[in-house]
Amino acid sequence: MIDLKSLSLQEMTDVLKSMGQPAFRGKQVFTWLHKGARSFEEMTNLPKALRDQLAAECLLTVPKVARKQVSQQDGTMKYLWELSDGNCIESVLMRYHYGNTVCISSQVGCRMGCAFCASTIAGKVRDLTPAEMLDQVLFTQLDSGLEISNIVLMGIGEPLDNLDTVLKFLELVNHPDGMNIGMRHISLSTCGVIPGIRRLAESNLQLTLSVSLHAPDDETRSRIMPVNRAYHVDDLFDACHAYFRRTGRRISFEYAMIDGVNDNDWQADLIAKRLKGMPGHVNLIPLNDVVESPFKPSKRIAAFQRRLESHGLTATVRRSLGGDIDASCGQLRRKAMEEAKKGEMSQ
Ligand code: SAH
């Protein structure tokens, strides 16, 4: 089966040509798919015989809403999507004054093993396809009825561990005949996969790169983020500086504040030292309490922020949205998996 929605307009046109169709059919099908068509049958400007042939030979992914939670506090919406193979992933729709932002997943699960993160507990099941990434944006918009203007790749999974797919997805979601979302409205967050950062720099896209730093010293970082054992902090900052030189884009450093682990003043001083020569932005995140994790939220966020600012850095504290709906990092999928397990056991 050909996964049409994962194809670029050119590739789609070639597939349709190989079926004996004129070139303009490619754009027709592309437009339908990027509007969120749920079947080939509804593509009424295609000949019936072609619709039947496409239905027989091509895959059309349509994720099902397995669960949906809406925050009473701030309107944040969390979707648990069931994919065609039964796997589930999450997306979160956040409503900011500058527009609606969807946070999407890049993999089913994650193999990076960060000690504080719920998404990685059961490991990685598989990579998502470009279509499955696009579907999250498309069907969140269709289901919510809210136009999406911004995307963050900060859901389940490590985008730079699935970079070919992510690059294809970016091309698709950015396409003028598709959702047409500008690169400057897209952020990608990585735990620090250096070869991926270097490849991304080469592709020179105007998206915003976020690096999940969480500690500026190897000892602490390797303890909470196994990826650091392969890619050390020195090398990570070399890659970040190179990224900035190549793209001219300011990097955002994510920093989840963990009590007694990464919230000491000397660590703020070390962040400042490492950022010298580059306009970095540090985003302090109140740690989300994950039941399975031994870490507790820091009580020193304001003091840490002041310390960073005393070095001339910009540091913000992330406003937490959707606190009443498990709205962060794999917690809903985790809960659904636990419940399914209990259900099986009681049968
Ligand atoms: N793999 C990518 C993107 C997914 S995680 C990455 O690591 O950046 C999105 C962000 O949430 C990352 O910065 C991650 O470190 C952070 N995060 C994970 N668990 C968290 C928790 N319990 N509290 C606060 N932030 C968390």
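R51 lies in helix α3 (residues 48-57) and E41 in the loop between α2 (24-34) and α3, so the pair ties together parts that are 10 residues apart in sequence. Helices are DSSP runs (H or I, at least four residues), numbered from the N terminus.

The model is predicted, local features need pLDDT of at least 70, and side-chain atom pairs count only at pLDDT 80 or more, whereas totals for chains, interfaces and linings use all residues. Residues are numbered from 1 along each chain as its sequence is written, and side-chain values use heavy atoms, leaving out hydrogens and water.

I checked accessibility next: R51 is buried at 12%, and E41 is partly exposed at 41%. Buried means under 20% relative accessible area, exposed over 50%, and partly exposed in between (1.4 Å probe, protein chains only).

I noted that E41, K48, R51 and D52 are linked in a network of salt bridges. A search of the whole structure gave 21 salt bridges.

I then looked up E11, which forms a salt bridge with K168, with closest N and O atoms 2.8 Å apart. This pair links distant parts of the chain, as E11 is in helix α1 (residues 9-18) and K168 in helix α5 (residues 163-173), 157 residues apart. E11 is partly exposed at 32%, while K168 is buried at 18%.

Technical notes
A salt bridge is a side-chain nitrogen of Lys or Arg within 4 Å of a carboxyl oxygen of Asp or Glu. Helices (H or I, at least four residues) and strands (E, at least two) are DSSP runs, numbered from the N terminus.
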